[in-house]
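Here's a quick briefing to read alongside the model. Have a look at the fold below, then work through the notes.

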Amino acid sequence: MNENISAEFLREIGKNSFFHHNGDMEMRREGLRCIISAKRAGDPEATYLVARLILDEILKPEAENSEEYALALLSRAANKGFLQARAYLNKYCRERYREKTGARFADRGCCGPLVDFDNKPIRVERKGVFTPIDAVLEYKGGRNVLTLSTNVMFFYSDDIPNADKFENSVLRGLYAWEGEYEVFGGQRIWVSVQVTQEDRAFDNLLIVPITEAMESSIRAMNDAVNIGKKKAILSDTIKHKRSFATNGLKWRANSRKIIWVQSENGLFNDYEEIMHVAKHEFGHALGLGDLYESASDSLRGVEKGTYSELDSYAINDRFYNLVMCDHHGPISNNDIEMVILAFRENKMQLYQPTKTKGKISSALGKGN
Ligand SMILES: [Zn+2]
């Protein structure tokens, strides 16, 4: 029997015995054993079930911190594409976040034009032909609206199958930033994302899938321009099929913005994954730095307990269920706060020091 099928089979047997035999303890114990074996075999649904049973205090793991252990399991199941795990993990983090910050929100009004932590009005108006992503903050109809608009252009060096589906996934990743958030001490803000797709010579957000032809031209270019360490990092990034965003030499509202998308199998047909990747890379185009730990990029990661506004999303030590840490993760209030600051100050907002810059965003450490 195929290993996946046997894990699936075990899990189904386990579920049946555990959930449908309330009175029969022996049957339930046996069911639990099956679910746990299926989890050990890597079955995402069984992994999710074990996490839920731990969080509901039905199961006690050997791990020192059972909540942390359960969240790591949820994150694993979610990243294997089990949607219920993704939904539950995001809900869990959001509720934990509300519990921690609820009191603050209550004493701060929601209405009136947006102000910063020092009660100074916030003005954001970056637009025009030299601004690839326009950002405009307005107070209208009794609510604060941040409109992010961009003209997206896809650049292909050779054909990819189902380009329309690929483009649609990328756009969904951009639109994922749309929604209602609470920033600077619980003030509500609506983020609107507007995308046009006109054929323009400049003033675009470029999206480039790294197809084989593109990869070899990048390599050729890379060999021609010897830029030492940076060259090694670029080759490494391409080799490991990681997507990335470039924002000119330094992120500015008017710097050139390109999202380079890679595909594990070269077919660009993992549409859900492409959506999440585009969501993360759009964060870079909006002026945010990375939150994850990566020795090869000299990023130390952010230790749990450093910033209260991130802690509700902490899975384990330096890993957060947040879009700039794990591209599958949600976009938080703090991310939007940092986007507003990036466009207001015309400066990239960092979660952690990088090799060249040590100053982290002033949004961090103040709660939300
Ligand atoms: Zn990144």
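Which domains does the domain assignment of the protein chain give? There are two entries, domain 1 (3-87) and domain 2 (125-345), with bounds that come from an automatic or database domain assignment. Keep in mind that this is a predicted model, where local features need pLDDT of at least 70, side-chain atom pairs count only at pLDDT 80 or more, and totals for chains, interfaces and linings use all residues. Residue numbers start from 1 along each chain, following the sequence as written.

**Overall build**

- The protein chain has 11 helices and 10 strands; these are DSSP runs numbered from the N terminus, with helices being H or I of at least four residues and strands being E of at least two.
- For 368 residues, a compact globule would have a radius of gyration near 21 Å, and the 23 Å of the protein chain agrees with that. The radius is taken over C-alpha atoms, and the globule rule is 2.2 Å times the number of residues to the power 0.38.
- Along its principal axes, the C-alpha trace spans about 70 × 55 × 35 Å.
- Of the 368 residues, 36% count as buried. Buried here means 20 or more other C-beta atoms within 10 Å of the residue's own, exposed means 12 or fewer, and partly exposed is in between, with C-beta atoms placed from the backbone.
- Take the contacts between residues at least 6 apart in sequence: 61% of them join residues at least 24 apart. A contact means that the two C-beta atoms, placed from the backbone, lie within 7 Å.

**Where the domains meet**

- The C-alpha centres of domain 1 and domain 2 are 34 Å apart.
- On the domain 1 side, 8 residues are in contact with 5 residues of domain 2.
- Helix H4 (residues 66-79) supplies the largest share of that domain 1 side, 6 residues.
- By type, the domain 1 side splits into 3 nonpolar, 3 polar and 2 charged residues. Nonpolar covers Ala, Val, Leu, Ile, Met, Phe, Trp, Tyr, Cys and Pro, charged covers Asp, Glu, Lys and Arg, and the others, Gly among them, are polar.

**Helix H9 and its surroundings**

- Helix H9 (residues 271-285) has 15 residues and reaches 20 Å from first C-alpha to last, close to the 21 Å expected; that expectation is 1.5 Å times one less than the number of residues.
- H9 is mostly covered, with 12 of its 15 residues buried. Among them are Ile274, Met275, Phe282 and also Lys279 and Glu281.
- What do the buried residues of H9 pack against? The partners are strands S2 (133-140), S6 (205-209), S7 (244-246) and S8 (257-261), plus H6 and helix H11 (333-345).
- Just after H9, Gly287 takes a positive phi of about 100 degrees.

**Phe166 in H6**

- Phe166 sits in helix H6 (residues 163-175) and counts as buried because it has 24 C-beta neighbours inside 10 Å.
- Leaving aside neighbours within four places in sequence, Phe166 is in contact with Ile160, Pro209, Phe268 and Ile274.
- Phe166 and Met275 are 109 residues apart in sequence, yet 8.7 Å apart in space, C-alpha to C-alpha.

**Two asparagines with positive phi**

- Asn119, in the loop between helix H5 (83-107) and strand S1 (125-126), has a phi near 70 degrees. Asn119 counts as exposed, because it has 8 C-beta neighbours inside 10 Å.
- Asn162, in the loop between strand S3 (143-154) and H6, has a phi near 50 degrees. With 13 other C-beta atoms within 10 Å, Asn162 is partly exposed.
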